[in-house]
Amino acid sequence: MTHNAVSSPSSGATTHEAIGVAGLRKTFGRTTALDGLDLHVETGEVHGFLGPNGSGKSTTIRVLLGLLHADSGDVHLLHGDPWRQAATLHRRLAYVPGDVNLWPNLSGGEVIDLLGRLRGGLDKRRRGELIERFELDPTKKGRTYSKGNRQKVALVAALASDVELLILDEPTSGLDPLMEAAFQETIREVRGEGRTVLLSSHILAEVEALCDRVSIIRAGRTVETGTLDDLRHLTRTSISAELAGHPNGLASLPHVHDLRVDGNTVHFDVDTDSLDEALRRLTDIGVRSLTSTPPTLEELFLRHYTDELPGAEAERAEQAARAETAGREEKTRTAP
Amino acid sequence: MTANVTHVPATHEKPSPAAGALAGTGQLIRLALRRDRIVLPVWALVVAFLAASGASAFEALYPNPAERAGLTASVAANPSFAIMFGPAYDLETAGGFTAWRFGTIAALLTSLIAAFTVTRHTRQEEDTGRQELLSSAVVGRYAPLTAGVTTAGLFSVATGVLLAAMITGVGADATGSVAFGAAVALCGLVFTGVAAVTAQLAEYSRTANTLAGSTFGVLFLLRAAGDTSDAEWLSWLSPVGWVHRVRAFAENDWWVLALPAAAALVLCAAAYALLPQRDVGMSLIPGRPGRATATSGLRTSLALSWRLHRGALLGWIVGFGVMGMLFGTLASGVGDLVGDSAEMKRMLQQMGGARGIEDAFLSSITGMVAMIGSMYAVQATLRMRYEETALRVEPLLTTGVGRLRWLGGHLLFVLAGTAAVLAVCGALLGLGYGLSSGDVTGEWPRVFGATLAQLPAMWVVGGGAVLLFGLVPRATAAAWALAAAFVLISMFGPILELPQAVLNVSPFAHVPQLPHAEFSATPLLWLTATAAALVAVGMTSLRRRDIG
């Protein structure tokens, strides 16, 4: 572990940390791309890296790969300095760019072999398996591949390499659902082998299915980090119910918000943690119909992606109210 | 009345298939002119200004008939002028002088810019996928090609008009100016047609441009061979030669202009006939499948560099080899081309006899070879920037390949590749000259050595390009301007009587004129050191800068 020597003491990088970024800043001329970003990826985890377009995900990744020079901040990658030790560290990682460009006169198979060899070796059996799994024709020349197939070439090259860390920048944006499934299967295998993955993605189902933890960034800063469960607990479930009797005592429940009572009908939001308790209270009174809108990942991300949170929330609440009013007339009664 | 909701075009006339195939051409032309609104006017002005500066310098340099007669005699006595500049028909007037001295360069610039413009708006649009976006709108099948050809045609004509106007303005005869301007414009139109065809043949815009540029090179050589041998008809086969055969200011042979006009029409017709034979984005030559696995050799970034550079390098080597053999063979006969009037015999004697003329010829050839060959160094350097902007460097630099190793793989071609191009040319120049003069063992080392002496100057051009790539990557393409400036200074600086300090800017000014003049190692060492320093700064800068 000779490379430990380089890690700076200030960042508090632990030996379990595959990627440690603290207070990273990067500007291009007058635009600030990264404005004090933090990112911590534990060894062995699949870490989702999320944020709106232009929020600085790719810039962060390019700093991590030593392609861009950070203006300030601590950056550690596999216990080394990605700027100074780029080539050494790169032997231990594989990268799939969001925009895959291939050499027009090289076939996909040749690119896979070349990149693998430059990384210090390629698992031939694994290469064959992956080509089959992703249904890739390795004899086509770079130019003739579609976007999705170019991405498959980069994916096979990365996944067939024997590396500790995979850095994937929107790797599935051009893949069809079948290939998406193949990708998820492969990433699960990779995690099973104890490798670390940093996955930048906009496909929320993919993030939900694969990631142990996620970091959400916006305008060059980290706004949220945690497990998906952690994050989901921060959201609320919306409940509309028509009850058998008058809704008493609901307002006194903790974690119930925006309660509106209209005769025997109630509308409220409840913190997802306390959903169970609220429902128990409702069934005590007697439920004649119930609509529950669970917190979606979309909601979660929209909350973090939107610029003015309070305003946006109010607007969404208003929209939800309007939708509800409209929906009430058509609602079918369900027997409790 | 309102019941009919089916969408029917409001117009009653049925669009003819031909009109449909050209739909949107006007919009595309406007788009092309918008995109090129700076670059095309600038080039038209450069061409016109270059010629006008020559025309105005003539009066100052050769004020009286005696001096003009002297110029006529010395040009006639030295066939090496005819390689670069073509035949001279009238050196008594400013216009005739300009048509001779600046005809080739004006035709070269106009033709290449016209050709690149066609490619830029046709094949390159397909390359980048932008064509799909446009074609999905109401854009006819022939519209992009028509727009590209029209834009390049407008540029050629505008350049010709501007050229004629400016040289008339500085005192050249108006009729001759029109003939000269028309000759240059029509040469531009011929290469508009050439590029329209190469855009159909080639699969990539780079290839299309290379094919068009090589066509100019071949036709230039054809003209040069015709004008420096007794096979004058060769020159008549070349559109580059037609620019001179109009004999602007001397005879004004207007009928000659019919040749390029017909050639341009035939080439454009060929392009229109080829276009429907292929799909958008595809070439006429179908691609073959590649290998499923890489050969064992493809395992380093140098091996990849070889794959990327080999095509261009082999092309340059073959081209320069042919050029060397051709001019080597011609060189031994140039003394005979000089007339046998008493005056000519006297001048011949002054130049050191037939032998002296041949050496002067060889030394002009090596100078020309070096200047054109330095373009290879620029091209090889720009390949790195191309790889960078195409986002193909990132996948490499995120493996175990360090920046300097990646750079080294390309630098090998910038430096050693240039040396190889020059060496092959020099070897065949020496061989051609040796064989035709009957003394291979005596002449070959002399001529080969004289050619190789040009290498350090070419490295300086390549070094300048590497420096730009490392230090100001966005301006890497300015390396072309740098190389062009050196060439222009060397070619036209002396005749425009530019100050020595300006002439010394060009590395080619420092190369000893071998085998004509004395050998001196000092300038060569200095040039090599300069090139090394430029490359070193470029390398250091690349290590420090952001990629992408």
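1. pLDDT is the predictor's confidence in each residue, on a scale from 0 to 100. This is a predicted model, so that scale is the place to start. Chain A averages a pLDDT of 82. In chain A, 85% of the residues score at least 70.

2. Over residues 1–13 of chain A the pLDDT is below 50. That stretch still has 15 contacts in the model beyond near neighbours in sequence. Residues 323–336 of chain A also stay under 50. For residues 323–336 the model has 15 contacts beyond four places in sequence.

3. Next, the interface. The size of an interface is often given as the accessible area lost when the parts come together. Chain A and chain B bury about 3,300 Å² between them. Carbon and sulfur atoms account for 54% of that area. In chain A, the residues that lose the most area to chain B are A:Trp103, A:Arg117 and A:Arg143. Together they make up 21% of what the chain A side buries.

4. Who takes part? The contact draws 35 residues from chain A and 41 residues from chain B. There are 22 residue pairs in polar contact between the two chains, both residues being at pLDDT 80 or more. On the chain A side, the elements giving two or more residues are strand S1 (17–28), helix H2 (86–90), strand S5 (93–96) and helix H3 (108–118). H3(A) gives the most, with 7 residues. By class, the chain A side has 16 nonpolar, 8 polar and 11 charged residues.

5. Charge pairing across the interface can be listed too. The rule finds 3 salt bridges between chain A and chain B. A:Glu110 forms a salt bridge with B:Arg307. The closest N and O atoms of A:Glu110 and B:Arg307 are 2.9 Å apart.

6. Now chain B itself. Its secondary structure comes to 25 helices and 0 strands. Chain B has 548 residues, and 52% of them count as buried. Among contacts in chain B with a separation of 6 or more, 76% join residues 24 or more positions apart.

7. One residue of chain B deserves a look: B:Ser235. It is found in helix H12 (residues 233–236) of chain B. Why does B:Ser235 count as buried? Its relative accessible area is 0%, and buried means under 20%. Leaving aside neighbours within four places in sequence, B:Ser235 is in contact with B:Leu222, B:Arg223, B:Gly226, B:Asp227, B:Gly241 and B:Arg245.

How values were computed:
Residues numbered from 1 in each chain as written. Chains lettered and ligands numbered in written order. Predicted model: local features only at pLDDT ≥ 70, side-chain atom pairs only at ≥ 80, totals over all residues. Heavy atoms only, no water. Contact = heavy atoms within 4.5 Å. Buried area = accessible area lost by both parts, 1.4 Å probe. Salt bridge = Lys/Arg side-chain N within 4 Å of Asp/Glu carboxyl O. Polar contact = N/O pair within 3.5 Å; in protein donor to acceptor, adjacent residues only side chain to side chain. Helix = DSSP H or I, 4+ residues; strand = E, 2+ residues; numbered from the N terminus. Nonpolar A, V, L, I, M, F, W, Y, C, P; charged D, E, K, R; others polar. Buried < 20%, exposed > 50% of the residue type's maximum accessible area, 1.4 Å probe, protein only.
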